[in-house]
Amino acid sequence: MKILSHYLVQSEPFFDQVAGYHKTVLLSTRTTKLVAIPTLSLEHIKNAEWEKVNPEILRIFEESEIIVDSEENELATMLGRANAKIESNQALNYTIQPSANCQLGCDYCGQVHEKKVLPKPYLERIVNRIKEKLQAKRYKHLQVGWFGGEPLTGMASIRSLSKEIIQYTEAYGCTYNAEVVTNGVGLTRLRFWELVNDFKVNSIEVTLDGTAEYHDQRRHTKDGSPTFDKIFQNLVAITSDEAYDALDWQISVRCNVDQRNDEGVSKLIKLMASHGMQKKVSFYLAPIHSWGNEAHLLSHEKAVFAAKEIDWMIELYQYGFPISLVPPLKPIVCMSVTEDSELVDTYGRVYNCTEVSQVPGLEKEYMLGRVGQKAPYGDRFFMDFNQHVLEGQFPCSTCEMLPVCGGACPKSWYEGIAACPSNKFNIKEKILMAYAISQSDRPKEIV
């Protein structure tokens, strides 16, 4: 017998004036397929009145996995798919912290910074570690993440390591690219093109927490000096370069939001639009979260943030920014659940989580070992997360968003902090918005 899948999101019914009847938008989180059908047909399906349902709707529902066999253990199916994806993954994700330093003294950051870069002996050890991993599993792709501190304060290490790793992957027959997460202070136009052209960087994330009046209150230098103007000028210089338009990717601007700066979000969107960045950058919002501290206590309640996010998404759309409304599948939640992905910090410490290095207490608690050590590393933390979800240890086991969320952050769940993203609380509004835009004649990019 067929039934509606548990992994299904249903919008509130609405009257379609063109069609002349009520519709409901459905999102299958098993497949991320979005469909709109007559609300009456949905009621027939809920009541198992199959003879009253258009056969074409039933065909689409089966293909989209909106209806499934009643005997299926859907949780086991979805986690089985996730585990299979982890097992068959042929891309190695390796994160490196070239510097423990950062110019900024962000008040919500949990890291402790030090003017220290990767020592020369560690560079060779890191390259050898990457070679070992590529050879052990015959990975076809390597993605290196340059992380911080502030990674651009360790450019000498980035230059040295990138050249050697790229040379090796080319000889080995493995594709390669890199990403950078930066505060943007040192991301000049010349440095941007060095990263792109010389070191195969194809993903850069920069943080702006609102316009200057909001950003500079929280993301200032350690001596309290403002940083917004410098970062924004860098973005303007980069995105105004004619060569930038030829790239097949865009800089991502992240705006960290809590109760103190939410009024600055709309102002930032407007400012970016006034500089023609609508087609130049992607933009997303993130609530402040715990980073080994109590920063998350400054955040809005999750439902409040989710409601505000919808308003900001509408503004982004109105100004012509690309917006992401339907979340993609997320079978591999993060590096923590994989066998080989690692982070090496400036001190040579190895982790399988990006949220713990340079965080007092956590940097020792979650350390797996040191790069280059002969003894085996310790057991990887959070590797059993999917199994614990299957066993019902976390609320993820009953959540219809699991296939597109993956659990968000295993570390948070194990520490007793709910990791649910905003999609959990505003997905019904997002799929209605996605459907409305799909029906509009005004061209917009929906990811």
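I call a residue buried under 20% relative accessible area, exposed over 50%, and partly exposed in between (1.4 Å probe, protein chains only). By that rule Arg138, at 53% relative accessibility, counts as exposed.

Notes on the source: this is a predicted model, so I take local features only at pLDDT of at least 70 and side-chain atom pairs only at pLDDT 80 or more, while totals for chains, interfaces and linings use all residues. Residues are numbered from 1 along each chain as its sequence is written, and side-chain values use heavy atoms, with hydrogens and water left out.

I stayed with Arg138 and looked up its phi, which is positive at about 55 degrees although the residue is not a glycine. Arg138 sits in the loop between helix H4 (120-137) and E8; helices (H or I, at least four residues) and strands (E, at least two) are DSSP runs, numbered from the N terminus.

Next was Gln358, also not a glycine, with a positive phi near 65 degrees. I found Gln358 in the loop between strand E14 (349-351) and helix H11 (362-365). Gln358 is buried, because its relative accessible area is 4%.

I also checked the peptide bond from Gly148 to Gly149: it is cis, with omega near 15 degrees. Gly149 belongs to the loop between E8 and H5.

**The sheet**

I traced an open sheet of nine strands with mixed pairing, in the order E12-E11-E10-E9-E8-E7-E13-E14-E15. Strand E12 (281-287) and strand E15 (369-370) are its edges, each pairing on one side only. For pairing, DSSP has to find at least two bridges between two strands. E7 (residues 91-96) and E13 are parallel, over three bridges, and I see Thr95 opposite Leu343 in E13.

Helix H5 (residues 155-172) packs on this sheet, touching E7, strand E8 (141-146) and strand E9 (175-182). Contact here means heavy atoms within 4.5 Å. The direction of H5 makes about 175 degrees with that of E8; axes are lines fitted to C-alpha atoms, for helices over the stretch in contact, and angles run from 0 to 180 degrees between N-to-C directions.

Off the sheet, I looked at the E4-E5 hairpin. Strand E4 (residues 21-28) and strand E5 (residues 33-38) run antiparallel, joined by six bridges. Leu26 stands opposite Val35 in E5. Four residues lie between the strands, and Thr32 has a positive phi near 65 degrees.

**Helix H8**

Which residues of H8 are buried? I get Phe228, Ile231, Phe232, Asn234, Leu235, Ile238 and Thr239. Seen down the axis of H8, they fall within an arc of 155 degrees, so they line one face of the helix; the arc is that of the directions from the helix axis to the C-beta atoms. These buried residues pack against H6, E10, helix H7 (212-215), E11, helix H9 (263-274) and E12.

**H9 against H10**

The axes of H9 and H10 come within 10 Å and cross at roughly 10 degrees. That makes H9 roughly parallel to H10 (under 35 degrees counts as roughly parallel, over 145 as roughly antiparallel, 65 to 115 as roughly perpendicular and the rest as oblique). From H9 the contact uses Val265, Ser266, Ile269, Lys270 and Ala273, and from H10 it uses Trp312, Glu315, Leu316 and Tyr319.

**Asp340**

Asp340 is buried, with a relative accessible area of 13%. Leaving out residues up to four places away in sequence, Asp340 touches Leu92, Lys133, Lys137, Tyr139 and Arg380.
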